[in-house]
Structures are given as C-alpha cells and as structure tokens.
Amino acid sequence: MDLKFPADLKYAPTHEWVRMGGDIATVGISDYAQHKLGDIVYVELPEIGAVLEKGSVAGEIESVKAVSELFMPLTGEIVETNGNIADNPAFLNSSPYGEGWIMKIKVSNPDEIKNLLSVEKYQELIEKEED
Amino acid sequence: MEFITKEDLNGTKTPLYETHVKLGARMVNFAGWLMPVQYESILKEHETVRTLAGVFDISHMGEFIFEGPDVIPFLQYLMVNDLKLLEKSKGQYSCMCYENGTVIDDLVYYEESPERFRMIVNASNIEKDFQWINEQIENFQVKVKDVSKERCRLAFQGPKSDELIAPLVDTDLSTLNRFYFVFCNLCDVPAFIARTGYTGERGFEISFKNKYAVTIWNALLKTGAGAAGLGARDSLRLEACYCLYGHELNNTITPIEAGLNWLVKPKEGIDFIGKEVLIRQKKEGTSRVLVGLNLLDRGIIRENYKLFKNGVEIGYLTSGGFSPTLKKTIGLALVETKYSSIGTEFDVEIRNKLLKAKVVPTPFYRNI
C-alpha cells in the first residue's frame, strides 16, 4: 500500500483527518480509510447549521460493498459541506485530502484539538489495525 | 469509520489463491472459500467486463458428474426445467426445489452424453446439494461424483471475450451458441468450455484440472483481459438481473415468486419434486413477486431493507446497490404482487429515513 498521510493534518482514531484554519476545521477521510472502503459511490452529508458532538455520526459513506459512518472528529457547527462530492463521490478515493474534503466545522471546544492524533500516532494506529 | 480489518482467513484456497494475493487482491471468506473480492477497484473491474473482458476465478463453485443409464429421468425428477429441451453438447439452467416449491439451489447442467452430465452448483450449497441428490437417488441407476476440489473453474466474460480467447484454443468458439459447450484444448491442455455466464455479457465458463490453473489464468490475463473479483461479479449480475442464491432464491422463496416462471415447465406425464405447488403457482400467481427497482432519491439501497406503501410494510430488498453502468441505484425486491406493476412507487426504509423507489422493467442491463 502506497498511502499518503500529510504531516500538517491531525487525525481522529475513526480515520477522519482535520485541517485547522482559525476556528474552522476542514474534515475528510484518510487515504487509509478510502483504500479500505474501496470505490465510494455516495456520501450522505450533514445538514448545514447542525451542531454535533465529537464522536457522533455526521454522515454516511457508501462504497460499492458497504456503508460506513462518518464521525465528528470535533464538537461544533457544520458551516459548509462539499457539494462537489454529491456528484463525484469518487473524489474521496482519488483526492482524499483535496477535492474529496467533506465538511467544515466551526469548532466549539478548541481543547479537543490536542486530543487528535499526529501523523506519527495515526500511522502507528493503522499499523496496529493491519497486524 | 469502522471497517473489518480482520477477515476470517481460515478458508479453503482455490488453486489460484497465491496468484490472487500476488496481484494485490483483497481476499475475503466467501462460503468457506478465500476469494478475491477486488483487485484494484470493483468499478474498474466492472467496466472492464462491460467494455473488454474479465477473468473470474469461480473455483469455489461446485462441480458434479452424473453417470448412469438413468441420468435423464433422475434429473427430470429433481429439476423444474424440462430436459427434453436439452440435447448433447448443450447446457440448461434450472432450479432444484423441495416438495413445497422453495429452492434448494439454482444451477446449470450440461449433457455430455445421455448417460453423463456435468453440473455446476453454488459454492454455499455444495454439501447440501450433494446430500439431497444422494437422498433422492435410490431408485435410479445413477452415480454422482463431486469433482469440485479436483478442478478449477474460470469465467471469461465480456464483449471481446471471443476474439481474445481465439488464439488460445484449437477450436472455433465463435460458432458456439449460448448454453452450448465443447471439450477442446485451451493453452494446449484439455478444458471444458461453455458459452454461459453470469454477467450479462457474451463469454465463457471454463473447467479444467487444478494443475493447469495458473497457466490458463495467466494466459487469459495476457490477452489483455482484466482480473475481476467477486465484487464486480455481484454488481454485474445485479445489472443483468440474475438471481443469486441466498438473496433472490432460498429455501423460503419459490422460482415463481422469483420471476422464473419460464423456468418451471409443465413436463406433462413427468413427476418432479415441487411440481404440484409450482404448476399451481404458475397458473394462479403468487401473493408476492420479485421486481426491479430504481431509487428515485439519492442514496444506496441494500439487501434486507424494508419497503413501505403508505406506511404499511409490503416487502423487502433481496439485493441492491449502485449500478456502475447505469450510474444509478438499483435493486431487486420481493413485494406484494398488487404493488409489482411497472411504475408503482413506494418507500425504502434506509436506516431512519424513507426514500422513494419505483418499479422498472428488468433486466437493468444486458448485452447478450
């Protein structure tokens, strides 16, 4: 597996990535996650304006074979979702950190950020899962 | 997100197991067999079969040889289809049913001679079928042998399958009509080749001794065809609306309910197991029937999702998913017959929501 994990991102143990910009967190799923899911054919996005707790279900990702839940990596309000992935869910496979971003969250509890995983910790976690 | 990271990899290996692993396949346990669900991408493999040709390892399926003077009367007794329509060098699709008309298995048998037949059955039903067949055999002069584990089976399917396989065989397969078969040399080794398939494309199903597996697999891939896994096999058969045992057919569903009315033949003067129920259902209809659906709202529907009309449950999905060829969500469902006409709309319950679906003509796609 030749998977990429940008070092400037933070990761949740549930395989979402987070890119912080001020108090806005952009969220997607990791290269590992898209690889495990296989071809993604539909993404159910959260409602804009919804305020959701960290760890709660924000949406659903349907691959050809199975449905998986997308979890909130941080508590906050959904302020934007990526409308392009409704028509091109394959962006999650081809560009998980770019065109395949899923949602932006206005973070309500910045303290949670430091509990996210660094790229090193995240890669360790994946290695454990694969063992 | 959570995924299964540990497959139960204590399964039976086909002669091509190592070959699949080397190709980077994701292996899963299917009916006790370790099988490739995909190599790189189910969508790509699906498209390759629809536009060029794909090679599938289907060695997990069962293969029985029937021999003896009573093979034809015996199979007439076990099967709902009529072997009078069969001739030497031809195969036939059929269901084997219980007395109550529900399905033990759906399968294909091939007449090699009036006293020798080859049968291909579903992987999940090999032991059950073999036992059932032997329980019925008492008054017939027939011997049945399970050769599943001695032989490798491949499917070679796609619009270019004829021209790609031609240089590898010592016979002209272009004149082989649907459901007919030949014994010939494939890559200079003896093989059984039938023009049958499960994808909705032209193609072949092939059987030969295990020791030739890697040679033939590699030769078929070298033609330019792509390796295709069980994931694509399922999405292709769903588009083509072929029943999958355990989904559209099982021991609670009859062939008539599954829309296989054409399969159940009157067979006048011939007794067969399930005849009374099935002939009656064929004449009078059934209270539920299989339909094809398009999902009108966005989303993906999958097997066992429930269907509702005005809040009342009217059936369930037997299969469902994204159609890579049609780029929409399709499904097969068992519904109350009064809601089965083309154009009928109802709701599919997908977790806590209801999405609109509509009954559409089937198959969704075939190119044969």
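Domain bounds here come from an automatic or database domain assignment. The model is predicted.

**View 1. The two domains of chain B.** Chain B splits into domain 1 (7-285) and domain 2 (287-368). Their C-alpha centres lie 27 Å apart. Across the boundary, 20 residues of domain 1 of chain B are in contact with 22 residues of domain 2 of chain B. On the domain 1 side, α2 and α7 of chain B each supply at least two of the touching residues. By class, that side of domain 1 of chain B has 7 nonpolar, 6 polar and 7 charged residues.

**View 2. The largest nonpolar core.** This core holds 137 residues. Val55(B), Leu154(B), Phe156(B) and Ile206(B) touch the most other members. Both domain 1 (7-285) and domain 2 (287-368) of chain B give residues to the core, so it lies between them. In soluble globular proteins, nonpolar side chains tend to be buried together.

View 3. α7(B) is mostly covered, with 10 of its 11 residues buried. Among the buried residues are the charged Arg233(B), Asp234(B) and Glu239(B). Leu230(B), Leu236(B) and Leu238(B) are also buried. α7(B) lies across β2 and β3 of chain B and runs at about 70° to β3(B). After the helix comes Cys241(B), with a positive phi near 60°.

**View 4. A mixed sheet in chain B.** Three strands form an open sheet in the order β1-β3-β2 (chain B), and the pairing is mixed. β1 (12-13) and β2 (26-30) of chain B stand at the edges. Each has a single partner strand, so one side of each is left without a neighbour in the sheet. β1(B) pairs with β3 (residues 33-38) of chain B in the parallel sense, over 2 bridges. Thr12(B) has Trp33(B) in β3(B) as its bridge partner.

**View 5. An antiparallel sheet in chain A.** This open sheet has 3 strands, ordered β4-β6-β7 (chain A), with antiparallel pairing. Its edges are β4 (40-44) and β7 (67-71) of chain A. Each edge strand has a single partner, so one side of each is left without a neighbour in the sheet. From one strand to the next, the twist averages 25°. β6 (residues 57-63) of chain A and β7(A) pair in the antiparallel sense over 5 bridges. Gly59(A) stands opposite Leu70(A) in β7(A).

**View 6. The contact between chains A and B.** Chain B gives 15 residues to the contact, and chain A gives 21 residues. On the chain B side, α2 (42-51), α7 (230-240) and β17 (312-323) of chain B each give two or more residues. The residues on that side of chain B divide into 6 nonpolar, 7 polar and 2 charged. Two of these elements return from View 1: α2 and α7 of chain B also supply residues to the side of domain 1 that touches domain 2.

Technical notes:
Residues numbered from 1 in each chain as written. Chains lettered and ligands numbered in written order. Predicted model: local features only at pLDDT ≥ 70, side-chain atom pairs only at ≥ 80, totals over all residues. Contact = placed C-beta atoms within 7 Å. Helix = DSSP H or I, 4+ residues; strand = E, 2+ residues; numbered from the N terminus. Core = buried A, V, L, I, M, F, W, Y, C linked by C-beta atoms within 7 Å. Buried ≥ 20, exposed ≤ 12 C-beta atoms within 10 Å, placed from the backbone. Pairing = 2+ DSSP bridges. Axes fitted to C-alpha atoms, helices over the stretch in contact; angles between N-to-C directions.
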